[in-house]
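Q: Walk me through this structure, please. Keep it brisk.

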Amino acid sequence: MRKVLITAVAVASAAVFALSGCSGSSNDRGGDSAGGDTAASGFKAGSVIGVALPDKTSENWTIAGQIFTDDLEKAGYKANVQYAGSTSPVPDQQAQITAMIQAGAKVIVIGANDAKQLGAQVADAKEQGVSIIAYDRLISDTKDVDYYVAFNNFKVGQDQGQALLDGLAKKFPDQKTYNIELIAGAATDPNATVFFNGAMDVLKPKIDDGTLKVVSGQDTFEKVQTDKWDPANAQSRMDTVLQGFYQGDTNINGVLSPNDTLARAALQSVSDAKKGPIVITGQDSEAASIPLIMSGEQYMTIYKDTRKLVAQTVDMINSLAKGDKADTNAEEDNGATKVPTYYLDPVVVTADNAAEVYKDNDKLAPLTKQ
Ligand code: BGC
């Protein structure tokens with residue numbers, strides 16, 4: 001079965017080489033990895049493009065799948081969009097990528113569930129001449145990633161750290177020091193460490209000079225990470241921290257949260273413990289968090305317009321289809337190689353600018369008016 005498919009791909013690829021004037025080799029792999037560099041050998045309209053997304057730990061992933069399906073079809077490709085399930089996401093995603101290779105995908109876009117567990121699948125893809133684009137999350141420790149496209153994650157973290165400081169100064173003008181707690185995302189997602197490091201780049205000097213006090217003492221990524229980005233895990237850790245360290249008059253003033261889903265969980269925990277009000281950060285501009293931003297319960301979020309990120313990815317795919325290199329504006333080290341990267345700029349959102357930032361987003365703009 002697999003051999004038949006590979007042969008069919010080889011025939012199709014040979015036809016493209018002939019059309020585009022490329023001197024494709026006569027091996028039976030289909031596609032020419034051009035000595036391992038990032039230029040593909042081109043492919044034609046109607047080709048299959050695989051999109052392997054992680055389990056839906058936040059709304060942005062759900063939105064991405066819909067937009068990829070629409071935009072790839074509009075651009076003339078056959079979209080094969082798959083999500084890993086939440087029960088066994090890693091083997092799910094591995095199997096989905098393998099199936100996409102076998103289905104003759106020319107490019108596979110991957111939002112990794114576990115960035116360190118896709119080495120074998122992307123190696124196989126490269127062998128078969130399939131280009132790999134890491135989407136939003138970088139794939140670690142492999143040379144077999146052609147491109148990475150994302151919002152600048154370190155900048156997201158720095159923006160969250162700065163917003164926490166600004167929000168604390170505004171909300172508690174009479175205080176010179178603030179009690180805070182830190183939350184990070186899942187260790188399997190390399191973004192989680194980058195968000196945390198970006199935030200700590202801003203917060204650490206203020207912890208060191210005593211302006212901020214992490215009352216629980218839990219101030220390393222390992223101690224504050226949230227398994228699977230699951231809000232229930234963040235909430236139960238916050239419950240324990242609040243019970244253990246915030247008895248009596250000790251109040252909590254702020255929480256660094258890496259995204260909106262976990263921010264809502266932390267707000268619940270603080271409210272259950274009858275503490276607060278707090279300044280809390282977020283990310284993703286989830287619909288459920290916009291009313292909280294407008295009321296000030298959640299001080300900030302980040303807007304990473306998924307439409308733009310998908311459009312940039314489709315742009316990369318169009319370049320590869322022509323046999324060109326894709327546009328990049330950065331390089332990201334994934335532990336094995338420097339991956340050509342395109343970074344978009346994240347936007348900081350508070351109640352002050354939400355209406356303006358979301359004005360062309362049909363789903364979010366109405367939420368800023370209620
Ligand atoms: C994404 C965030 C998202 C998180 C959880 C990260 O990799 O960059 O936007 O909140 O995953 O789904």
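A: A term to start with. Buried means under 20% relative accessible area, exposed means over 50%, and partly exposed is in between (1.4 Å probe, protein chains only). The model is predicted: local features need pLDDT of at least 70, side-chain atom pairs count only at pLDDT 80 or more, and totals for chains, interfaces and linings use all residues. Residues are numbered from 1 along each chain as its sequence is written, and side-chain values use heavy atoms, with hydrogens and water left out.

Q: Where does lysine 274 fall, buried or exposed?

A: Lysine 274 counts as exposed, because its relative accessibility is 74%. It lies in the loop between helix 9 and strand 9. Helices (H or I, at least four residues) and strands (E, at least two) are DSSP runs, numbered from the N terminus.

Q: What about its phi?

A: Phi of lysine 274 is near 55°, a positive value in a residue other than glycine. Aspartate 141 also has a positive phi, near 55°. Aspartate 141 sits in the loop between strand 4 (131-135) and strand 5. At 47% relative accessibility, aspartate 141 is partly exposed.

Q: Which residues does a cis peptide bond join?

A: Glycine 276 and proline 277, with omega at about 5°. Proline 277 is in the loop between helix 9 (260-272) and strand 9 (279-280).

Q: On to the ligand. Which residues come nearest?

A: Thr57, Ser58, Arg137, Asp189 and Asp284, out of 14 residues around the ligand. A residue is near a molecule or strand if one of its heavy atoms lies within 4 Å of it.

Q: How far is the side chain of aspartate 136 from a ligand oxygen?

A: An N or O atom in the side chain of aspartate 136 is 2.7 Å from an oxygen atom of the ligand. For tryptophan 61, a polar side-chain atom lies 3.0 Å from a ligand oxygen. For asparagine 60, a polar side-chain atom lies 3.1 Å from a ligand oxygen. A polar contact is a pair of N or O atoms within 3.5 Å; within protein, one must be able to donate a hydrogen and the other to accept it, and residues adjacent in sequence count only if both atoms are side-chain atoms.

Q: How much of the ligand does the protein cover?

A: The protein covers 100% of the 310 Å² of accessible area that the ligand has on its own. Accessible areas come from the Shrake-Rupley method with a 1.4 Å probe; for residues, only the protein chains shown count as cover.

Q: Which elements give two or more residues to the shell?

A: Helix 2 (59-74) and helix 6 (190-208). By domain, the shell draws at least three residues from each of domain 1 (30-145 + 305-344) and domain 2 (153-303 + 351-357 + 363-368). The domain bounds come from an automatic or database domain assignment.

Q: New topic. How many aromatic pairs are there?

A: Seven, in a search of the whole structure. Rings of Phe, Tyr and Trp (its six-membered ring) pair if their centres lie within 6.5 Å; planes under 30 degrees apart count as stacked, over 60 as edge-to-face and the rest as tilted. One of the pairs is tyrosine 148 with tyrosine 343, edge-to-face at 6.1 Å centre to centre and 80° between the planes.

Q: Where in the chain do those two sit?

A: Tyrosine 148 is in strand 5 (residues 147-151) and tyrosine 343 is in strand 12 (residues 338-344), 195 residues apart. Tyrosine 148 is buried, because its relative accessible area is 1%. Tyrosine 343 also counts as buried, at 16%.

Q: What is the geometry of phenylalanine 196 and phenylalanine 221?

A: They form an edge-to-face pair, 5.9 Å centre to centre with 65° between the planes. Phenylalanine 196 is in helix 6 and phenylalanine 221 is in helix 7 (residues 221-224), 25 residues apart. Both are buried.

Q: Which residues form an aromatic cluster?

A: Trp61, Phe68 and Tyr135 form one. Tryptophan 61 is also the residue with a polar side-chain atom 3.0 Å from a ligand oxygen.

Q: Last stop. What does the side chain of asparagine 361 reach?

A: The backbone nitrogen of lysine 363, at 3.0 Å. Asparagine 361 is in the segment after helix 12. It counts as buried, because its relative accessibility is 13%. Threonine 368 is found in the segment after helix 12 (354-357) too, and at 10% it is buried.
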